[in-house]
Structure formats: structure tokens, C-alpha cells
Amino acid sequence: MTAAVSSSSLPVVDDQGKYTKAYLDDKESKANTLEKMRESREQSPGWNTLKTVAVSSLVVVSQIAQLIGSFFGHVVFALPSALVGGGFGFCIYAPFMKAVDYLSGRENTKSFFEYTITPANKLSNFIYNRVTDIVCRYVVGFGVMVAVVEPLYIIIGGLAVGGLLSLPMYNDMKNNRSENVEYFIDGPCNFSIKHWLQHNLWQRFDDLAAGIKRPPLSLHDRIAAHIDASKISVKDSAAAAA
């Protein structure tokens, strides 16, 4: 039986933007990994409960450190550079480019706002680059966390909480296909601060500066876009073409 799906309603997979594509690739990869783990967890719930408690306690430390470092990097490096670039864009670059557009008779060019934020986008991307991001998340973040809170206390606290939740986790793995464990534990532990920020902040910033408007795209949308053409009914395809 063919699926009643219109080909015109499917999102364009290649038109995502590099950061959004990386974000969805990461989510899809981790979702596939969790799906493969379900059978193992169901067969050996005791061992997998102990492993989940131990690993999650360590991952929490890493997530907190990366969150601190990422916040530091964006506030200290990205935001000031964007403000400086925006000021240059507003006072010099945007008026100059609009004057060039007017004198040369060019049409369908960037708006004054897009010209304004273009230097902000370029400068902030240059200052807050891949190296800066790694140093902030893994060096500064861990350094600040160690200076403020002893990571060992976080690990011990995570193990204590995990011990209290071990019985519900065991039952969930054995009888519920790990649905609650995946949602409440694996979800936060697998959450990528880097990809989330790149998708929700940097991709939108890049698109705004380039004057690109992309439709919202979720992982479910992308999966839908990969539906085989043979599953699309002839009737719906004809209707879409009309």
C-alpha cells in the first residue's frame, strides 16, 4: 500500500546549512546508537544499570564544564566581536554598500540590516573559531569548574542519585525498552552543547547575514524527506504536480 505523501511537502535535505546538518547528523547517530542498545539493556538490565549510573556521573561533569566554558567563550569572545563588527557595519560598511548599490543600479541586493550584521558575522566567526571553542569548552570550562566546585563531589552526588534510581532504571530497561532511561538520562547525557549552539545560534546568524530564509527542520522532517519515491502514491504525486 502506498503512503499518501506529497513529494512537494518534503523538505529539501541539502538546504539545511552546515551547522544544522551537523546537528541533525549528531542527533540521528545517537538515536541509532540508543536503538541498538535497547536489546542489550533488555537482556542484561543489571549490568547496564550499573554501567549507566557510572558513566552518567562522569558525563555530568563534562557537560557542566562544557556549558560553563561555552558561556564564557560566547560572552568574552563572540559577543564583543559581534558588537564591534556590528558597529563598523552600521557606521561604515552598510552605508557604503548601499551607496554602491544605488550608484551602480544593482537590484535585489542585501538590505541595510543585512549589510550591517555582515561584518559582525564575519568578525565573530573569525574570533570565536573552532580552536577558541575547544579551548573554552574543555580548558576554561573545566578550570572554572575545578576552581568553584570540586568535580569529585559532583561524581559522588551523581553516583548517589544513580544508586537511588537504580531499581526504577533496572525495571525500565527490562520491561519498558528503556524509554524512561533514554528520555531522562541518555537524553541530557547525549546532549551536544556545541552542536545545539551552532544550530540555534550560529546557523541562524550566518543565514541572517546572508539573507537566507530556511524553513524549520527537525530530525523527523529529515527522516520524512528520505521516504522512498516508490512509497509516494501516483495520485498524490499528480496532485502535487498540478
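How are helix 1 and helix 8 oriented to each other? I shall answer that in a moment. Please keep in mind throughout that what we are discussing is a predicted model.

Let me begin with the overall composition. The protein has 10 helices and 0 strands, and read from the N terminus the order of elements is α-α-α-α-α-α-α-α-α-α. It comprises 242 residues, of which 33% count as buried. Among contacts with a separation of 6 or more, 82% are between residues 24 or more positions apart.

I return now to the opening question. Helix 1 covers residues 18-43 and helix 8 covers residues 193-210; their axes come within 8 Å and cross at roughly 160°. An angle over 145 degrees counts as roughly antiparallel, and the two helices are therefore roughly antiparallel to each other. Their crossing is left-handed. On the side of helix 1, the contact is made by Lys18, Tyr19, Thr20, Ala22, Tyr23 and Asp26. Helix 8 contributes His195, Trp196, Gln198, His199, Trp202, Gln203 and Asp206. Sorted by class, the residues of this contact are 5 nonpolar, 5 polar and 3 charged.

Let us turn to a second pair of helices. Helix 2, residues 45-104, packs against helix 6 at an angle of about 130°, and the axes are 9 Å apart. These two helices are therefore oblique to each other, and helix 2 passes helix 6 in a right-handed crossing. From helix 2, the residues that take part are Pro45, Gly46, Asn48, Thr49, Thr52 and Val53. They meet Ser166, Met169, Tyr170, Met173 and Lys174 of helix 6. In this contact there are 5 nonpolar, 5 polar and 1 charged residues.

Is Met173 buried or exposed? Its relative accessible area is 0%, so Met173 is buried. Leaving aside neighbours within four places in sequence, Met173 is in contact with Arg41, Glu42, Pro45, Asn48, Thr49, Thr52, Ser178 and Val181. Consider Arg41 in particular: Arg41 and Met173 are 132 residues apart along the chain, yet their C-alpha atoms are separated by 5.6 Å.

My last topic is the aromatic rings. How many aromatic pairs does the structure hold? There are 7 aromatic pairs. One of them joins Phe191 and Trp196, whose ring centres are 6.2 Å apart and whose planes stand at 50°, so the pair is tilted. Both residues are partly exposed: Phe191 has a relative accessible area of 38%, and Trp196 has 37%.

A further pair is formed by Trp202 and Phe205. Here the ring centres are 6.3 Å apart and the planes are at 50°, so this pair, too, is tilted. Because Trp202 and Phe205 are 3 residues apart in helix 8, about one helical turn separates them. Trp202 counts as buried at 7% relative accessibility, and Phe205 counts as buried at 18%, since the limit for buried is under 20%. Ring pairs also bring in Tyr128, linking Tyr128, Trp202 and Phe205 into a cluster.

Trp196 and Trp202 both belong to the contact of helix 8 with helix 1. Trp196 is partly exposed, whereas Trp202 is buried. Thank you for your attention.

Conventions: Residues are numbered from 1 along each chain as its sequence is written. This is a predicted model: local features need pLDDT of at least 70, side-chain atom pairs count only at pLDDT 80 or more; totals for chains, interfaces and linings use all residues. Side-chain values use heavy atoms; hydrogens and water are left out. Axes are lines fitted to C-alpha atoms, for helices over the stretch in contact, and angles run from 0 to 180 degrees between N-to-C directions. Helices (H or I, at least four residues) and strands (E, at least two) are DSSP runs, numbered from the N terminus. Angles under 35 degrees count as roughly parallel, over 145 as roughly antiparallel, 65 to 115 as roughly perpendicular and the rest as oblique. A crossing is left-handed if the near helix is turned anticlockwise from the far one by less than a right angle, and right-handed if clockwise. Contact means heavy atoms within 4.5 Å. Ala, Val, Leu, Ile, Met, Phe, Trp, Tyr, Cys and Pro count as nonpolar, Asp, Glu, Lys and Arg as charged, and the others, Gly among them, as polar. Buried means under 20% relative accessible area, exposed over 50%, partly exposed in between (1.4 Å probe, protein chains only). Rings of Phe, Tyr and Trp (its six-membered ring) pair if their centres lie within 6.5 Å; planes under 30 degrees apart count as stacked, over 60 as edge-to-face and the rest as tilted.
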